[in-house]
Amino acid sequence: MSTPTLDLMDYSDVIARFEPVLGLEVHVELNTATKMFCGCPTEFGAEPNTQVCPVCLGLPGALPVVNEKGVESAIRIGLALNCSITPWGRFARKNYFYPDQPKNYQISQYDEPIATEGHLDVLLDDGSTFRVEIERAHMEEDTGKSTHVGGATGRIHGASHSLLDYNRAGVPLVEIVTKPITGAGDRAPEVARAYVTALREVLESLNVSDVKMEQGSLRCDANVSLMEIGAKEFGTRTETKNVNSLKSIEIAVRYEMRRQGAVLADGGTIVQETRHFHETDGSTSSGRIKETSEDYRYFPEPDLEPVAPDADWVEQLRGTIPEYPWLRRARIQTDWDLSDEVMRDLVNAGALDLIIATVDAGAPANEARSWWVAYLTEKAKEREVALEDLPITPAQVAAVINLVEAKTVNNKVAKQVVDFVLAGEGEPAQIVESKGLGMVSDDSALQSEVEKALAANPDIAEKIRSGKVQAAGKIVGDVMKATRGQADAARVRELVLAACS
Ligand SMILES: [Zn+2]
């Protein structure tokens, strides 16, 4: 796709003359097992048009029913974003014709959204926070997916025909809309990225979506406008659609600021329109002229009951909202006294949640950390899988650590136990039992091994007796060998010294 070449304003000139105003709209696909208004499955990647029924195909007479789990997820999202939850609200029909929308309307929420008036404090790169005000979060259903075939760009222009897949039609969505974000100045692109990053982490911690931007389960539209510094009214905005990576959000906002700056400085006007973002060069190009809400002829959906969550339920859901992931990380870093660098390594290695879960399962933090970043990381590399995809659970790792603490096995044997768990041979304690891996702690058994080793090495025994205690290492090594590494080496050493005293 060729984009019109036009001059962009230097970023510093944009900032010197204009105040950027952002508005971010994020669509998140919920991970419910079934669709929002029917019982069709929602699994990604199925054969086209195999997950459909009369309701989501919009056949005459088919009646929708609200998915309670979808409402629950929407309420939890609202609560996590510090919103008020409406005690009573209706769905609305948003009327428009498009082939991927078989009913010719989308069930959405209009003037009675489930959640309103919240905020999210997001962390910027320099460690400061920036408050993004949330206007609303509302429930709606996704559309089907069109694939335009035969053209160079995959867009409808130049295509010979289009294919429609309705598997996605009716999948629950929550759309989260910010209030106009002002005051970010030159950090506006960073704020946009930081907000979507934070929102994505929050949604992930709520376990309401798989938040995969590349699969479209999290999609961001970025509204950008500029106003002359000191002006009272916002400028005309553009809406860059479906920017599908965190980095691209920052790039798209920056590009729009520079493009609009150039147009305005040249005495031109900004057209209110949607724009396409191009991953290849980070530019945007003109899409369609933006509809206004009047164009959609919204009216209350007559086929559905209003959503009226009772206050007890909302309070109960409030209790399920986890600590913000970045606050949790900061707290853990302090609790475990980790340097910024070590903390960054743990996060980058994908080890932090596993370590926390291992500690929660009863292991000391240092031990949990050492197992995941050393031996298990090595195993993950050997198998070429992510750490979290190793076939061992944090609870099993904690069990191994506790076997070492209880001196049931030593560190070396503990690694064998882990290998057996990874090989699918069962639970750690059961493996120790069935494979006879328990530490030989019976002193009389060890005693006889010590005597045997001393008898076999009379010259070394003599050295130890004459006070050269470092010579004991050879005897300890022999006993460890004889017990297949299952003895407590420190105890063996004590017995050797006692026998030679
Ligand atoms: Zn269906």
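**Domains and a metal site**

A: Nine residues of domain 1 touch four residues of domain 2, where contact means heavy atoms within 4.5 Å. This is a predicted model, where local features need pLDDT of at least 70, side-chain atom pairs count only at pLDDT 80 or more, and totals for chains, interfaces and linings use all residues. Residues are numbered from 1 along each chain as its sequence is written, and side-chain values use heavy atoms, with hydrogens and water left out.

Q: Which residues make up domain 1 and domain 2?

A: Domain 1 is 11-295 and domain 2 is 323-435. There is also domain 3, 443-499. The bounds come from an automatic or database domain assignment.

Q: What area is buried between domain 1 and domain 2?

A: About 530 Å², with 60% from carbon and sulfur atoms. Buried area is the accessible area (1.4 Å probe) that two parts lose on being put together, summed over both. Leu123, Glu201 and Val202 supply 57% of what domain 1 buries there, more than any other three residues.

Q: Which residue does Glu201 form a salt bridge with?

A: Arg329, with the closest N and O atoms 2.9 Å apart. A salt bridge is a side-chain nitrogen of Lys or Arg within 4 Å of a carboxyl oxygen of Asp or Glu.

Q: New topic. What coordinates the zinc ion?

A: Cys38, Cys40, Cys53 and Cys56, each through SG, at 2.3 Å. Donors are N, O and S atoms within 2.8 Å of the metal (3.2 Å for Na, K and Ca); water is not among the atoms, so sites may look incomplete.

Q: Are Cys40 and Cys53 buried or exposed?

A: Both are buried, meaning under 20% relative accessible area (1.4 Å probe, protein chains only).

Note on methods
Buried < 20%, exposed > 50% of the residue type's maximum accessible area, 1.4 Å probe, protein only.
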